[in-house]
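Subject: Structure handover and notes

Hi,

Here is the structure I promised to pass on to you.

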Amino acid sequence: MKQILITPKLCLGCRSCELACAVEHSLSKELFAAVIKKEQPTARIFVETDGVINLPLQCRHCQDPACVNACMSGALQRKPTTGMVVADQNKCVGCWMCVMACPFGAIAQDPEYKVINKCDRCPDLDQPACTVACPTGAVKFVEVSRFSQERRKQYLTSFAEEE
Amino acid sequence: MWETDKTIDKAAQQMLKITAADGVATVWDRYEAQQPQCGFGSLGICCRNCLQGPCRINPFGEPKRGVCGADADTIVARNLLRSLAGGTAAHVDHAYEAVEALEKIATGDIDYVIKDENKLIATARQVGIETDGKDSKGVAKEVAQKALETLSGHEGEMGWLSAWAPKERVDVWRQLGVIPRGADREIREAMHQTSMGVDADPTNLLLAGVKQGLVDGYAGLKLATDIQDIIFGMPQPVKSEANLGVLNAEYVNVVVHGHVPLLSEKVLEWCRKLEDEAKAAGARGINVAGICCTGNEVLMRQGVPPATNFLGQELALATGAVDLMVVDVQCILPSVTNVAQCYHGDIVTTMPIAKVPGADHIPFSLEEADQQAEKIVRQSIESYKKRGSTPVHIPDERALIFAGFSVEAIIGALSKVNAEDPLKPLVDNIKAGNILGAVATVGCNNVKVKQDMMHVELVKELIANNVLVIATGCSAHALGKAGLLHPDATNNLAGNGLKAVLTAVGEAAGLGGPLPPVLHMGSCVDNSRIGDLLTALAGYMGVNIKDLPVAASAPEPQHEKALSIGTWAVALGVFTHLGLPPHILGSKAVTGTLTDKVEDLLGGKFYVESDPAKAAAGIIRHIKDKRHALGL
């Protein structure tokens, strides 16, 4: 199954993923229209930096999600069929326990409704918007096995060079 | 049928299949590879003007300000002003080349002549030069001097503007404080004004943008056209053909591409002179074709057929039939050398500011223009000899066109109907409603729009509704390729009122049929001719330009020049349609001002609409409103 996987060294910090994420979660789903209509959609991916490494990060949809375990209202659920951690904003009471529990800081606040906002992996799209928007390939929607194979090959190349 | 999504031009569609089969990348492929394009850039809310940046504003949240504190409105207005200064600089530099040539003609230093003495005298008088008892070189010297003041004067109101702009406009502009001084000073000031820590006021920046539009209109377009007409002659109606089918496999094919006619006119001259050498090399002669506006310049005055417009330049090379493409400045895709290497032909750059890696550079100078043109044409014959077994694919697509409609030529045709009062038949027909109004379509192709589609669909709709269309630049090329620069289009596509008027004028002018429904007025600097026509019409009708039932449209704008021309049109009071938005939508204040509020100040405004039917409806609604206000 495909996952959103990140290669931090490819991230230039342009924040196109954030913009595309916000647009995909707007009513119009179109950049110019969302801006003109003064919509205020929020991104669910965040580019953080320590000045050396840029890291685009969003909900990892964990197998054993700390946020779901912490959620007392049942708003956060892990769907066994898809493996996705989904939030039901109607059930969310805004206690922010999930925010405290998530080790990645991947859960945000919807400023208007005072409930949580998180990656839903763009259910209307074949490819999540952030992965399409990334100009360098830092944010990719790929099979884990393929991603790790590429990593091994990269390691092999650098290993061979060092030898 | 992917190729029909990219262009409506049948020749281009055929060539795209060939480049795709050969794996040669074109502008369309590179556009696809650029997807998705950056949202911050598209909205105009990124700033790279200082080294503390780059900064970008989040349109949906924080941060709302760049490092220096500039918000989206400031950044968008600043970026727009820089773009306008870029477009204006291009046209002013173009005009400067022409003025320099006129000055050197006057001193006898170069092998160019004054072809239109009437225009020289008329121009001299309009800019306040006494012409009695002076020879043409003496007058030319003074005209060049006045022109140089317009380009580089540092004080007072710009001379070319004062000489030509309607008084009502000058008063409006003076009140707003936007009358430019010398062009160079204003362009320099715009760069200063937009540098870090200078102007942060969006309104002040937009007013400076209006000033750039006026610099472009008068020190760029108007000045360039005036001087080029003096040197190369006034365009008169000519018959020609348009599209890639004008290339001929049996000839040495020379393509002139770019914008300034100083070199292309000489190249054309030498192509005619060296015809025998081409024949000796086995060709049937030398065939010259044009691309972009240098193509329009030699079409208007010499009938040289246009091969294609902006988006088709690589496809012309992919025919394998272009032996040499000589370019000057503006709108030259750096990829032309790659395409030529894949097929055939030499690319020759000529200007010190426009070199392309992989091209041959033959530096152009006014003093040695003949030797350089001769060298270029000889190189084209050598290149022809090397064509060998290169496969040649020339699409069998060419449309008959009429061009050369300078204001003087239009008035000439109208004077055949009414010699004493030539504008009367036109104005009477506008008043009677046979002609609903007039629209100028101008500007580029833009790869974001299916090539030529907006130009053609919009204009078809307009002429069917009895709107007379005048066109320049790549818009005129698009319309020519689609058959709209031909009298048949009047018969087949124009509304009955427009058809009747064009038929009456055409027959009186001895064309044996109607005028085309679209009058080709020239290159992009020749948008000045449109300004002249509007000024004359408004003067004749005793109203202001902003009250006329007219509009302008850049259906597929691409270049910064389109923005500065459009700004000039809005400053003249013209309702100006753009087929796609500039990078300004990240600022509600800037967008709102340009598409709405500016109308109260200038009488014109921008109108953005990317659907051709809706755009035509919007333009026609505007024309009807203006008619209504005039009591028509």
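Below are my notes on a pocket, a surface patch and some backbone features.

Please keep in mind that this is a predicted model.

Let me start with the second largest pocket, which has a volume of about 580 Å³. Its lining is made up of 22 residues, and those closest to the centre are His25(A), Arg44(A), Gln89(A), Asp110(A) and Tyr113(A). Two strands of chain A, β5 (84-87) and β7 (115-117), are the elements that give two or more residues to this lining. Of these, β5(A) gives the most, with 3 residues. Sorted by class, the lining of this pocket holds 9 nonpolar, 6 polar and 7 charged residues.

**The surface patch**

Also on chain A, there is a nonpolar patch on the surface formed by Val52(A), Ile53(A) and Leu55(A). Together these residues have about 280 Å² of accessible area. Val52(A) sits in the loop that runs between β2 (46-49) and β3 (54-57) of chain A. Its relative accessible area is 71%, and because the cut-off for exposed is over 50%, Val52(A) counts as exposed.

**Backbone features**

- His61(A) is not a glycine, yet has a positive phi of about 50°. You will find His61(A) in the loop between β3 and α3 (66-70) of chain A. With a relative accessible area of 5%, His61(A) is buried, because buried means under 20%.
- Gln330(B), also not a glycine, has a positive phi of about 75°. Gln330(B) belongs to the loop between β7 (324-327) and α16 (336-342) of chain B. Gln330(B) is buried too, at a relative accessible area of 14%.
- The peptide bond that leads from Gly53(B) to Pro54(B) is cis, with omega near 5°. Pro54(B) is in the loop between β1 (46-47) and β2 (55-56) of chain B.
- Another cis peptide bond joins Glu62(B) to Pro63(B), where omega is near -5°. Pro63(B) lies in the loop between β2 and α5 (72-106) of chain B.

That is everything from my side for now.

Best wishes

Terms used. Residues are numbered from 1 along each chain as its sequence is written. Chains are lettered from A and ligands numbered from 1 in the order in which they are written. This is a predicted model: local features need pLDDT of at least 70, side-chain atom pairs count only at pLDDT 80 or more; totals for chains, interfaces and linings use all residues. Side-chain values use heavy atoms; hydrogens and water are left out. Patches are made of residues with over 30% relative accessible area and no salt bridge: like charges are joined within 9 Å, nonpolar side chains (Val, Leu, Ile, Met, Phe, Trp, Tyr) within 5 Å. Accessible areas come from the Shrake-Rupley method with a 1.4 Å probe; for residues, only the protein chains shown count as cover. A salt bridge is a side-chain nitrogen of Lys or Arg within 4 Å of a carboxyl oxygen of Asp or Glu. Helices (H or I, at least four residues) and strands (E, at least two) are DSSP runs, numbered from the N terminus. Buried means under 20% relative accessible area, exposed over 50%, partly exposed in between (1.4 Å probe, protein chains only). On a 1 Å grid over the protein atoms alone, a cavity is a set of points where a 1.4 Å probe fits but cannot get out, and a pocket is an open set with protein on both sides within 12 Å along at least five of seven lines; lining residues have an atom within 4 Å of a point. Grid points are joined across faces, edges and corners, and a volume is the space filled by probe spheres set on the points. Ala, Val, Leu, Ile, Met, Phe, Trp, Tyr, Cys and Pro count as nonpolar, Asp, Glu, Lys and Arg as charged, and the others, Gly among them, as polar.
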